[in-house]
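Here is a short briefing to read alongside the structure. Take a moment to look it over, and then follow the notes by topic.

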Amino acid sequence: MTVAVFADQLGPRGKVKVAAATAVGSAFVAGVVYVAFRRFESNGQLEAKLWSDLFTGEAIRFFWGGLKNTLKVAGVSLILALVAGMVLALARLSKRLPVRWLATLWLQFFRGVPLVVLILFGFYGFDLPRSTSIIVGLTLYNSAVLAEIIRAGILSLDRGQSEAALAVGMTSSQTMRLVVLPQAVRRMVPALVSQLVVLLKDTSLGVAVLYEELLRRGQLAGAFLKNPLQSLLFVAAIYMVVNLLLSAFARWLERRQGQGKSKKAAPGGPVRVTGVEDLSVA
Amino acid sequence: MGVVLDNLGAFGEGLRTTVALTVLSYLVAFVVGTFVAAMRVSPILPLRWLGALWTETLRNIPLTVLFFVFFFGFTKIGISYLPFTSAVIVLGCYTSAFVAETVRSGINSVAAGQAEAARALGLSFPQVIGTIVLPQALRTVVAPLGSLFVALAKNTSIAFTVSVVELTRIVNDLANETGEAIPLYLGAAVAYLLFVLPASGAIGAIERKVAIRR
């Protein structure tokens, strides 16, 4: 793909203009940073103790415990949602009309209802334990999203693959299991890892039911150490680091898939599901 | 079900707030997001960095965390507004990062020849972006921008965690009062669907209307 260039190679006047704009832009950024700094300072939020309290052994262990709970909930939900999503995707592609309807209904419902409502529903409506209500909510919601990713992955495969499998006498379930899915799954991996980022972010909704994941622990630490601003910013930074690592991993997978032997196995590169990225903003 | 019917007024009020939150935040997100997208393709390096910093920061921090930082952290440095206003700011900024990424992908999808032709005619960078590239880019991203609207509508429910009085908060309080959680939350789910499903239908209609064949 050629990348469009939106501005001409600069002449002397243009260079002066850009230099001026760069200076103004930098001054603006510097101004924002300065105002932020003054705000912190004049409100006494830069005191060393407020920040160093975050890095005592005890505090670190506390945050680490929160992160572990976050990862645990995210991991369990991901596995359950993958299984449910696979079943749903196959149901959506089923030959039987009622099965397709049922799957579509499920999908529309759980994609349309906010995750918080699902979590609260499980917690207050069915008296589920805190972590279970989060896992159930995340699983229901993500099953719908993952089903769409998986379906797109299956549909992206050349029809000749399943036709050839049927032609050599495989049953339709053998075709799906031995020919279609193994290839489709490879293409979906980057999209799935991207969705994992969203899922991980969504675990922070655990605060709604006071589950002690990372954000809740940040809130508790902030109350205990009397530094809510610092604790919450610290939590935000942890989320950011973890998610950037995951995104980098997804990009790496995508790049790796674009080359090498997968070229033969899965022509057309990784599957792109339009809208999924946006669907999953939560 | 009776408890839902008895409180239809409260449901309506909550839904109104939710809709208002969604629409206002979306306006903020759209304006800021388009601006950030333009920054990210501009010839001025610090602006590109700033744009990238904005999107990457906001996209990688959970919305719930942003709410907490803004509501409970920023009061410590003297930043506090009414809950509704704060919620619009947080939701708007968060969604703007996704709008920016979407618009940017739209910009990249406009054929390079368009920008080149515009430049050949002597248009400046703001003219190239504003009159040639963006109008075409925005048309191609109507569908993803629409999904962002729907996602935003659902995300307003997260404001519940910082006690903004919208649909989820109202239902939650009712559930605590009456103890009838199941019908009430089902009612909430239906209320959200009543907002979300027609909205995505309307978006589909807009999409078909502005679609251009290439």
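**Overview**

Of the 282 residues in chain A, 47% count as buried. Please keep in mind that this is a predicted model. For the complex, the predictor gives an ipTM of 0.87 and a pTM of 0.87.

**Fold of chain A**

- Chain A holds 12 helices and zero strands, so its pattern along the sequence reads α-α-α-α-α-α-α-α-α-α-α-α.
- Among contacts in chain A with a separation of 6 or more, 73% come from residues 24 or more positions apart.
- Helix α4 of chain A contains Trp101(A), a residue that counts as exposed because its relative accessibility is 59%.
- Between Trp101(A) and Leu253(A) there are 34 Å from C-alpha to C-alpha, and the two are 152 residues apart in sequence.

**Confidence**

- The mean pLDDT of chain A is 86, with 89% of the residues scoring at least 70.
- Within chain A, helix α3 (residues 57-92) has the highest mean pLDDT of the elements, at 94, while α12(A) has the lowest, at 41.
- Residues 261-268 of chain A stay under 50 in pLDDT, and the model gives them 10 contacts beyond four places in sequence.
- Residues 274-282 of chain A also have a pLDDT below 50, and this stretch has 25 contacts in the model beyond near neighbours in sequence.
- Chain B averages a pLDDT of 90, and 98% of its residues reach 70 or more.

**Interface of chain A and chain B**

- The contact draws on 53 residues from chain A and 57 residues from chain B.
- Together the two chains bury about 4900 Å², and 74% of that area is on carbon and sulfur atoms.
- Which polar features does the rule find across this interface? There are eight residue pairs in polar contact, both residues being at pLDDT 80 or more, and zero salt bridges.
- On the side of chain A that touches chain B, the elements giving two or more residues are α1 (12-42), α4 (97-112), α5 (115-125), α9 (214-225), α10 (228-258) and α12 (276-279) of chain A.
- The most comes from α10(A), which gives 11 residues to that side.
- By class, the side of chain A that touches chain B comprises 35 nonpolar, 12 polar and six charged residues.

**Salt bridges**

- Side chains of opposite charge can pair when their charged atoms come close.
- Over all chains, a search of the whole structure finds 11 salt bridges.
- One of them joins the side chains of Lys49(A) and Asp53(A), at 2.9 Å from N to O. Lys49(A) is exposed, with a relative accessible area of 54%, whereas Asp53(A) counts as buried at 13% relative accessibility.
- Arg151(A) and Glu148(A) also meet through their side chains, at 3.6 Å from N to O. Both lie in helix α6 (residues 130-155) of chain A, three residues apart, or about one turn of the helix.
- Is Arg151(A) buried or partly exposed? Arg151(A) counts as partly exposed because its relative accessibility is 23%, while Glu148(A), at 17%, counts as buried.
- A network of salt bridges links Arg92(A), Arg111(A), Glu148(A) and Arg151(A).
- Glu212(A) forms a salt bridge with Arg217(A), with the closest N and O atoms 2.8 Å apart. Glu212(A) is partly exposed, with a relative accessible area of 32%, and Arg217(A) is buried, with 16%.

Note on methods
Residues numbered from 1 in each chain as written. Chains lettered and ligands numbered in written order. Heavy atoms only, no water. Contact = heavy atoms within 4.5 Å. Buried area = accessible area lost by both parts, 1.4 Å probe. Salt bridge = Lys/Arg side-chain N within 4 Å of Asp/Glu carboxyl O. Polar contact = N/O pair within 3.5 Å; in protein donor to acceptor, adjacent residues only side chain to side chain. Helix = DSSP H or I, 4+ residues; strand = E, 2+ residues; numbered from the N terminus. Nonpolar A, V, L, I, M, F, W, Y, C, P; charged D, E, K, R; others polar. pLDDT = per-residue confidence, 0-100. Buried < 20%, exposed > 50% of the residue type's maximum accessible area, 1.4 Å probe, protein only.
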